[in-house]
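Here is a short note for a colleague opening this model for the first time. Please read the points with the structure in view.

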Amino acid sequence: MQLVDVARFEGLEGLLYRHCATAGLEIPSQYIPQLKLAYRQVAEQNCVALAKLEELLRAAASDGLEVLVLPGASLMPLYPDVGCRPMDDIDLLVSPGQMSAAGTFLRACGFEPVQRHEGLYTNEGLTLDLHTDLVNGDRIQARSSAAHIDMSEVWDNARVQATAELTALTLCLEDALLYTSLHALRHSFRRLTWFVDFHLLMKAQPDWQVVEHKVRRNNATKSLHYCLHYLENHLSIPVPRALTTADFPALGLVESFLLQQLSRTRPESEWGEVLWSFSCKGIAGKVSFLREFLFPRPEVLMQVFPRLPVVLIPLAYGLRAFQLLLRGSRQLGMLAKSR
Amino acid sequence: MAVAEQGGHSGGDGNSLWARSDVLYRELADGGMIYDSSSKQVHHLNETAALVWRACQRGALITEVVDELCARYSVDEQTATKDAHAAVQYLSAGGLLIRSASASKIPPS
């Protein structure tokens, strides 16, 4: 696969174009229109989305709502410009006590709730995803037991970021690193963009002692370790000397194997949640975590099968079992192929 | 903070054009972009138009813009003047520049 194809696949055409343009690297003429178009499209979408977001945040603040902008929108200032990182939606954090009021506020602003997806709102091409924690624990509760994140500490450490791209309340650098590692793992390291985020966050010089303290307190040591390991061993990106993978307990055989598979079969890999289950204590904890991920509560399962009528919820579990069988076979097939 | 369309000087002659301060400008690798939230329109600028826009923001004269274009892109004065005027025309047509008389509320930057 050529570099331009990889960049398109990963949504990083804009970053590639920007880098070539500013570094004086000559792009073969046949690729310029494609890269330039992608760069301009992302820039336009982000420019409009961030402007609308700022307007909304101001209105929300005057309504007494406290809203924190999560990565990636909050990471936009770390990139060279707004054309370098695509955003599918904007993730926002609100306190559980303000979730309902935030929904009412968004509806009053013209946003429509997305059917069956609690916290998801859309208006004129802008999608906002409201969260009350950093691991989507309201969707899969077992995630909250896999990573015990102290949300009051997250809010206490939040900082106002005022840049040309965005003025908003955001996570502190250390929490942003923690969030990005958990997010990437939850999605099986599927997108390279999260590792670019991670790399740029590392370059922003977080306090690694604070990071270490946080991941230990929040039971997120493994997810950070996996991310750093992946960066170092599979993407050849040096990790900071302040905190290297040698500082973590050695990876188990299964963990190492799954990480290797994540790399080999990315972006189709789906082993992220399995890997995350290693953060749970004991066999029972791991099984419980995976059980809820594989067979979540009905409301969540209905999101997996959005066209299935609500009255057929019991059928959804049968469909889910069939779906898992297919996906599992595919993953095992890829495992066999990669060996 | 103006680009004079004619005469090579700004301010008070009714020909000066100013950048609107209520729109959002983003610098890009190959020019710039302006988002006008009132009309919900996005304007993509090439490098020349971006240079003229910045000139409108900081109060440069059109002659300065032409000099900058000549120096940056190694073009002759005639070409640079033509390009600069085309960019001014594009920005004006997009409603992004305002005449000095109506721009009196905008403080010079």
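1. On a 1 Å grid over the protein atoms alone, a pocket is an open set of points with protein on both sides within 12 Å along at least five of seven lines. A cavity is a set of points where a 1.4 Å probe fits but cannot get out. Lining residues have an atom within 4 Å of a point. Grid points are joined across faces, edges and corners, and a volume is the space filled by probe spheres set on the points.

2. Ground rules. This is a predicted model, in which local features need pLDDT of at least 70 and side-chain atom pairs count only at pLDDT 80 or more, while totals for chains, interfaces and linings use all residues. Residues are numbered from 1 along each chain as its sequence is written, chains are lettered from A and ligands numbered from 1 in the order in which they are written, and side-chain values use heavy atoms, with hydrogens and water left out.

3. The second largest pocket. Its volume is about 450 Å³. The lining has 18 residues; Leu12(A), Leu15(A), Leu16(A), Leu192(A) and Val196(A) lie nearest the centre. Helix 1 (3-10), helix 2 and helix 8 (192-203) of chain A each give two or more residues to this lining. Helices (H or I, at least four residues) and strands (E, at least two) are DSSP runs, numbered from the N terminus. Helix 8 of chain A gives the most, with 5 residues. By class, the lining has 15 nonpolar, 2 polar and 1 charged residues. Here Ala, Val, Leu, Ile, Met, Phe, Trp, Tyr, Cys and Pro count as nonpolar, Asp, Glu, Lys and Arg as charged, and the others, Gly among them, as polar.

4. The cavity. How many cavities of 30 Å³ or more does a search of the whole structure find? The search finds 1. About 80 Å³ of space lies in the largest cavity. Its lining includes Leu53(A), Leu56(A), Leu92(A), Phe105(A) and Leu130(A). Helix 3, helix 4 (99-108) and strand 5 (126-131) of chain A each supply at least two lining residues. Helix 3 of chain A has the largest share, 4 residues. The lining has 12 nonpolar residues, with no polar and no charged ones.

5. The interface. In chain A, 19 residues are in contact (heavy atoms within 4.5 Å) with 14 residues of chain B. The area buried between the two chains is about 1300 Å², and carbon and sulfur atoms give 60% of it. Buried area is the accessible area (1.4 Å probe) that two parts lose on being put together, summed over both. Arg40(A), Glu44(A) and Cys47(A) supply 41% of the area that chain A buries against chain B, more than any other three residues.

6. Pairs across the interface. The rule finds 3 salt bridges between chain A and chain B. A salt bridge is a side-chain nitrogen of Lys or Arg within 4 Å of a carboxyl oxygen of Asp or Glu. Arg40(A) forms one with Asp30(B), with the closest N and O atoms 2.9 Å apart. Helix 2 (13-23) and helix 3 (32-62) of chain A each supply at least two residues of the side that touches chain B. Helix 3 of chain A gives the largest share of that side, 9 residues. That side has 9 nonpolar, 2 polar and 8 charged residues.

7. A link within chain A. Over all chains the structure holds 23 salt bridges. Asp81(A) and Arg18(A) meet in a salt bridge (2.7 Å, N to O). Asp81(A) lies in the loop between strand 1 and strand 2 of chain A and Arg18(A) in helix 2 of chain A, so the pair ties together parts that are 63 residues apart in sequence.

8. Backbone points to check. A cis peptide bond joins Pro71(A) and Gly72(A), with omega about 0°. Gly72(A) is in the loop between strand 1 (68-69) and strand 2 (90-93) of chain A. Glu124(A), a residue other than glycine, has a positive phi near 45°. Glu124(A) sits in the loop between strand 4 (120-123) and strand 5 of chain A.
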